Amino acid sequence: MTSLHSALCANAMLEDGVSLAGMLLVATPMLGETPFSQSIIYLCAHTTEGGAMGLVVNRRLPHPDLAELLEQLHIQPVPSLRRIGLCAGGPLDEGHGLVLHSSDWKGEESLSVTSNVTLTASMDVLKDIAVGQGPRDALLAMGHAGWAAGQLEQEILHHDAWLVAPATRELLFGTDQTAKWRRALASIRIDPARLSSQTGHA
């Protein structure tokens with residue numbers, strides 16, 4: 001699949017009003033001078049009327065670490081019996097954490113994104129993880145990314161800011177954050193070395 005083919009597929013989905021929730025947005029070089037440079041974002045919600053919301057899943061959060069965060073939240077034990085990834089999920093509401101996880105765990109504040117992936121806003125999932133239980137896969141994101149109605153469509157269709165790729169377990173929950181952007185591009189058969197700031201205009 002070429003970058004042009006990928007763009008055409010995304011265009012067709014958007015023009016048909018199909019939700020991209022559950023897909024990955026992969027930043028193109030058009031975003032190279034922005035905080036989203038080489039980001040991949042998992043879209044948790046997307047409608048033409050309500051806009052979109054997602055989590056950056058390949059940005060390490062240098063501080064605090066998971067143990068410090070759990071201690072701040074008064075979640076025991078510290079250190080926890082399990083460790084999960086902690087990332088900077090986006091520029092909005094950075095003081096608020098959201099847990100993206102596999103759907104084998106659900107709570108009162110859980111939103112099913114797909115049959116395999118769930119988003120939870122409550123601390124209950126962190127409490128279970130701390131004692132060695134909880135979902136098989138999990139990622140804690142501080143903050144999120146958001147778009148007003150029609151904004152994401154404009155960025156994809158007219159500004160060539162994002163490519164759309166399928167989400168995989170490794171891309172969502174893998175620990176090698178620095179490799180995720182290239183792997184996401186490889187999943188749609190795009191060589192980052194040949195991806196220019198003129199994406200979509202070849």
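Leaving aside neighbours within four places in sequence, histidine 101 is in contact, meaning heavy atoms within 4.5 Å, with Ser110, Asn116, Val117, Thr118, Leu119, Thr120, Val125, Pro135, Asp137, Ala138 and Phe173. A caution on the source: this is a predicted model, where local features need pLDDT of at least 70, side-chain atom pairs count only at pLDDT 80 or more, and totals for chains, interfaces and linings use all residues. Residues are numbered from 1 along each chain as its sequence is written, and side-chain values use heavy atoms, with hydrogens and water left out.

Back to histidine 101. It lies in strand E5, residues 92–102; strands are DSSP runs of at least two residues (E), helices of at least four (H or I), numbered from the N terminus. Why does histidine 101 count as buried? Because its relative accessibility is 0%, and buried means under 20% relative accessible area with a 1.4 Å probe, protein chains only. Its side chain also makes a polar contact with the side chain of threonine 120, at 2.7 Å. That term means a pair of N or O atoms within 3.5 Å; within protein, one must be able to donate a hydrogen and the other to accept it, and residues adjacent in sequence count only if both atoms are side-chain atoms.

Next, helix H6, residues 177–187. Its buried residues are Gln177, Ala179, Lys180, Trp181, Ala184 and Leu185. Their cover includes strands E1 (23–27), E2 (40–47) and E9 (162–166), plus helix H5 (169–173). Just after H6, arginine 189 takes a positive phi of about 60°.

Last, cysteines. Cysteine 44 counts as buried at 4% relative accessibility. Cysteine 87 is buried at 0%. The structure holds 0 disulfides, a disulfide being a pair of cysteine sulfur atoms within 2.5 Å.

Note on methods. Buried means under 20% relative accessible area, exposed over 50%, partly exposed in between (1.4 Å probe, protein chains only).
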